[in-house]
Amino acid sequence: MTRVTFHDSIQASSYIYIIGVAGDSGSGKTTFSDAITAIFGPDIVSTITLDDYHLYDRNERAQRKITPLNPVANDLDRLARDVATLKMGKPIEKPVYSHATGTFQNPITFYPTKFIILEGLHPFATPALLQHMDYTIFVDPDNEVKYDWKLRRDVGKRNYTPEAALEEIQKREPDYRRFVLPQRASAGTVIRIAYSGYSKALGISRNVYRITLGMKPPETCFEDVELNIDLCGLFTRSTHDFLLECGTLDLDNRRIRSLTIDGELSHETIHRIERNIEKQTDVHPIDIFTGKEVIAGSDLVRLIISWQIINHRIHIDSKQLKG
Ligand SMILES: Nc1ncnc2c1ncn2[C@@H]1O[C@H](COP(=O)(O)OP(=O)(O)OP(=O)(O)O)[C@@H](O)[C@H]1O
Ligand SMILES: O=C(CO)[C@H](O)[C@H](O)COP(=O)(O)O
């Protein structure tokens with residue numbers, strides 16, 4: 001008898017699963033979204049960047065003295081209508097904003113895939129948007145980390161001078177606090193990123209940060225999660241320092257459990273999680289870590305989040321079958 005795989009059952013189902021990834025500009029949303037795509041496979045995942053829903057181009061924003069973080073500078077009503085259409089399995093005519101020129105291009109027809117990631121400044125900022133979200137993530141780096149990343153990215157890839165990029169960063173901060181940060185309170189998952197407690201240089205040279213993953217208690221629990229720490233290997237083979245800590249995040253008047261990872265773990269430490277995901281998804285091999293001897297916190301967090309999404313998605317199907 002042929003076994004039905006996760007991919008087959010997802011493809012056969014009409015359910016469109018929406019993942020909202022919110023955070024400031026340059027906070028690492030795309031980096032996390034790309035990892036989810038790599039784990040699930042690009043045939044069933046696509047991403048919409050909400051920058052495409054800006055109402056004004058770069059010049060118009062400057063003239064109106066408004067930042068893109070202000071919801072009124074974005075067509076969030078159109079976005080909510082488009083998400084509703086996609087949820088019904090129908091295509092949309094999606095606007096396109098170019099960061100290379102700071103202007104709009106011709107719209108494109110966007111066909112829904114089974115998982116759609118909406119990443120940007122306001123993916124669940126209004127009730128109309130929030131109601132369509134199946135899974136919500138808020139990416140929350142410390143200002144120090146965020147400013148360093150944004151400066152490097154905007155100068156390197158978006159044609160800003162260092163002075164202009166810095167001025168933009170300072171100008172945006174009040175609007176970030178007022179309009180984007182409040183979404184953290186409704187996010188199911190919060191990812192906090194700080195420079196490593198071992199050394200700041202590790203972030204710049206090896207992408208190693210102190211990552212804290214905060215999660216609302218999940219509707220469905222993980223199956224067979226083992227953080228397979230080989231104690232013998234820890235003393236004989238492990239060459240890097242790392243820290244794993246279970247704690248509590250007090251944020252936005254709520255208290256959630258958290259897992260903090262700092263430093264570099266040997267690949268063997270997370271091997272068992274990878275294998276479990278492969279067993280559940282039939283994606284063989286999940287190789288986002290191929291060639292890596294050591295794994296950092298953001299790698300592990302991407303894996304844990306993907307696994308939680310898989311569990312939640314399977315749960316939706318089983319609820320529909322029962323109901
Ligand atoms: N986990 C990470 N580890 C190391 N560097 C990162 C990480 N996340 C992001 N960065 C760095 O920060 C820069 C900005 O990240 P990214 O493009 O993912 O942010 P973003 O939130 O999608 O930005 P925007 O909304 O402005 O497009 C990247 O160019 C990358 O170099
Ligand atoms: O990253 C951003 C928001 O997520 C940008 O700041 C916004 O899209 C405006 O883009 P640009 O500065 O290229 O005109």
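Which residues are closest to ligand 1, and how many surround it? Here are my notes.

1. Start with the neighbours. Ligand 1 has 15 residues around it, and the closest are S25, K29, T30, T31 and R153.

2. Keep in mind that you're looking at a predicted model. The protein's pLDDT averages 87, and 88% of the residues reach at least 70. For the complex, the predictor reports an ipTM of 0.92 along with a pTM of 0.91.

3. Now zoom in on the polar contacts. T31 has a polar side-chain atom 2.6 Å from an oxygen atom of ligand 1. G26 uses its backbone instead: an N or O atom there lies 2.8 Å from an oxygen atom of the ligand. Then there's R158, where a side-chain N or O atom is 2.9 Å from a ligand 1 oxygen.

4. How much of ligand 1 does the protein cover? On its own the ligand has 630 Å² of accessible area, and the protein covers 84% of that.

5. Have a look at where ligand 1 sits, too: it's in the largest pocket. Two elements give two or more residues each to the shell around the ligand, namely helix 2 (29-40) and helix 6 (143-157). Helix 2 supplies the largest share of that shell, with three residues.

6. Finally, a word on the annotation. An unreviewed UniProt entry places "domain: Phosphoribulokinase/uridine kinase" at residues 18-191. Over that stretch, the chain is 40% helix and 24% strand.

Notes:
Residues numbered from 1 in each chain as written. Chains lettered and ligands numbered in written order. Predicted model: local features only at pLDDT ≥ 70, side-chain atom pairs only at ≥ 80, totals over all residues. Heavy atoms only, no water. UniProt positions renumbered as here; feature names shortened; annotations may be inferred. Helix = DSSP H or I, 4+ residues; strand = E, 2+ residues; numbered from the N terminus. pLDDT = per-residue confidence, 0-100. Near = heavy atom within 4 Å. Polar contact = N/O pair within 3.5 Å; in protein donor to acceptor, adjacent residues only side chain to side chain. Areas by Shrake-Rupley, 256 points an atom, 1.4 Å probe, with all protein chains shown as cover. 1 Å grid on protein atoms, 1.4 Å probe; cavity = no way out; pocket = protein on both sides within 12 Å on 5 of 7 lines; lining within 4 Å. Sits in = over half its atoms within 2 Å of the grid points.
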